[in-house]
Amino acid sequence: MNEPINRRRFMAGAGAGVITASSYSRILGANDRIQLGIIGSGGRGQSLMNSFRKYPDICEFIAVCDVYEPNIRDALRFSRENAKTTMAYRELLANKDVVAIVNATPDHWHANVLLDSVAAGKDVYSEKPFSLSIEQGARMVKGVRATKQVVQVGMQRRSSEAVRSAKKLIDDGVLGEIVLARAQWYWNSKAVPAKMTLDGKLDWEQFQGPAKKHYPLDERRFFHWRTYSDYNGGHLTDQGTHLMDVIQWFGNDGKPPRSAVCQGQIHLNKNGDVPDTFSAVYEYPTFLATWTLTYSNSYEESWKIHIQGRKATMVIDDDGYRVYPEIWKRPIIPPPVIHEYKGGIPTEPHIKNFLDCIKSRQEPNAPVEVGHNAVTGPHLANMAYRQMRRVVLSEDGQTAKIG
Ligand SMILES: NC(=O)c1ccc[n+]([C@@H]2O[C@H](COP(=O)([O-])OP(=O)(O)OC[C@H]3O[C@@H](n4cnc5c(N)ncnc54)[C@H](O)[C@@H]3O)[C@@H](O)[C@H]2O)c1
């Protein structure tokens, strides 16, 4: 039988930054489950809870926090019976039995929830995009690194077999020198309805929290916060962080671009202030990249990345990847595929990697630096769109200016 569990003692150790794999496993016996708490149990939060449930021998949710009661009620389907519930996340963080947090709040809350969680001695699975700005992201990296907590950013491509094996091909030189990478995302979405109603109690002030400007209750802002720059960097960062990460992981050692320009328009949600059709161009040291999205047309539906090298082109998407050799000739009959992987991007391997790292105290697949670098390019593009100018990243990668 394992040693008796004394998480209070463990968490005191965690706060002092002295967690090791052996001290962890002594305290969390081999047959014991990692006790999780979720903050922000909306759409993504519940989907993640369902995915964590695929590892019932390793973990369980014992606490749920959301500022919207219906989302607490619905999330209880995925938690242990009698899980603790609250609308105030610091109350959840004070629960010493909770070892790790899932942070699936809207983006304007990511920094506070993440930093408060690690300060409370919790490990964190923190959803993307990592931050609201380059400067905030740099502060978040420092804050997390001042602790010994394990933090996995919710960028599941980093743990996907499809993407990892695609990277290996690129490292092996199959594409030759990369000259151009093109990321795209196309959906035909419905506009936000003119009127929306709540289905239960909402703590609107606690939703707005760190947002710079507070408004009287507005249900559309609550349900469709992605449409407003008060709460996020819009679709540029929301989807861009996933795709730019793959491009720069493959072609630039995971480092962000030097500069960006971007044009955008609002076609769908004119009540909001973020472009829902845009194209950004990024300058990496040895290649160019583009990032194009519209939510008003679904040609080639969903996401896709083309990576064009001097020897071959890789197309990567939800079906896996295909590699076509050079050269293409008109009339276009694609040359036979020379490498292929069939399979999508499940979230479970990323979750399993997080759970393994909680026990081993190893670095997870998407640590904070990856999350920060992945959204730096989309932040540059947002600045370029708003200022209608080229924006350049500083040498230390912590600020940006018009240039
Ligand atoms: N990795 C992925 O593929 C992926 C997919 C979807 C969403 N996400 C990310 O997950 C996050 C949530 O997105 P979503 O689509 O679930 O949004 P959502 O609006 O459905 O859920 C967010 C939830 O957070 C709650 N919330 C807001 N402020 C809170 C606070 N202070 N304390 C506790 N709860 C609070 C809201 O009430 C809501 O239930 C976003 O950052 C998004 O980018 C990631």
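# Exercises on helix packing and backbone geometry

In helix α7, the buried residues are I134, G137, M140, V141 and V144; a residue is buried if 20 or more other C-beta atoms, placed from the backbone, lie within 10 Å of its own, exposed if 12 or fewer, and partly exposed in between. The model is predicted: local features need pLDDT of at least 70, side-chain atom pairs count only at pLDDT 80 or more, and totals for chains, interfaces and linings use all residues. Residues are numbered from 1 along each chain as its sequence is written. Helices (H or I, at least four residues) and strands (E, at least two) are DSSP runs, numbered from the N terminus.

## Exercise 1

Describe the span of α7, the arc of its buried residues and what covers them.

Step 1. α7 has 12 residues and reaches 17 Å from first to last C-alpha, close to the 16 Å expected at 1.5 Å a residue. The expected span is 1.5 Å times one less than the number of residues.

Step 2. I134, G137, M140, V141 and V144 are the buried residues of α7. They cover an arc of only 115° around the axis, so they sit on the same side of α7. The arc is that of the directions from the helix axis to the C-beta atoms.

Step 3. The cover over these buried residues includes α6, β6, α14 and β16 (400-402).

## Exercise 2

Classify how α7 packs against α6 and against α14.

Step 1. The axes of α6 (residues 107-119) and α7 (residues 134-145) come within 10 Å and cross at roughly 10°. That makes α6 roughly parallel to α7. Axes are lines fitted to C-alpha atoms, for helices over the stretch in contact, and angles run from 0 to 180 degrees between N-to-C directions. Angles under 35 degrees count as roughly parallel, over 145 as roughly antiparallel, 65 to 115 as roughly perpendicular and the rest as oblique.

Step 2. A111, L114, L115 and V118 of α6 meet Q136, M140, G143 and V144 of α7; two residues are in contact if their C-beta atoms, placed from the backbone, lie within 7 Å. This contact of α6 with α7 has six nonpolar, two polar and no charged residues. Ala, Val, Leu, Ile, Met, Phe, Trp, Tyr, Cys and Pro count as nonpolar, Asp, Glu, Lys and Arg as charged, and the others, Gly among them, as polar.

Step 3. The axes of α7 and α14 (residues 368-387) are 9 Å apart, at an angle of about 175°. α7 is therefore roughly antiparallel to α14. On the α7 side the contact is made by I134, G137, A138, M140, V141 and V144, and on the α14 side by V368, E369, H372, V375, T376 and H379. By class, these residues divide into seven nonpolar, four polar and one charged.

## Exercise 3

Determine how α12 lies relative to α14 and which residues make the contact.

Step 1. The axes of α12 (residues 240-251) and α14 come within 8 Å and cross at roughly 105°. The two helices are therefore roughly perpendicular to each other.

Step 2. G240, T241, M244, D245 and Q248 of α12 make the contact with V370, N373, A374, V375, G377 and P378 of α14. The contact of α12 with α14 has five nonpolar, five polar and one charged residues.

## Exercise 4

Find the buried face of α13 and describe the residue that follows the helix.

Step 1. α13 (residues 348-360) has 13 residues and reaches 18 Å from its first C-alpha to its last, close to the 18 Å expected.

Step 2. H350, I351, F354, L355 and I358 are the buried residues of α13. Seen down the axis, they fall within an arc of 140°, so they line one face of the helix. Among the elements covering them are β1 (34-39), α3 (43-52), β2 (59-65) and β4 (100-103).

Step 3. Just after α13, R361 takes a positive phi of about 65°. R361 is in the loop between α13 and α14, and is partly exposed, with 17 other C-beta atoms within 10 Å.

## Exercise 5

Step 1. Most residues other than glycine have a negative phi, and most peptide bonds are trans.

Step 2. I327 is in the loop between β13 (320-325) and β14 (339-342), and P331 is in the loop between β13 and β14.

Step 3. D253 lies in the loop between α12 and β8 (259-265), and counts as exposed because it has 9 C-beta neighbours inside 10 Å.
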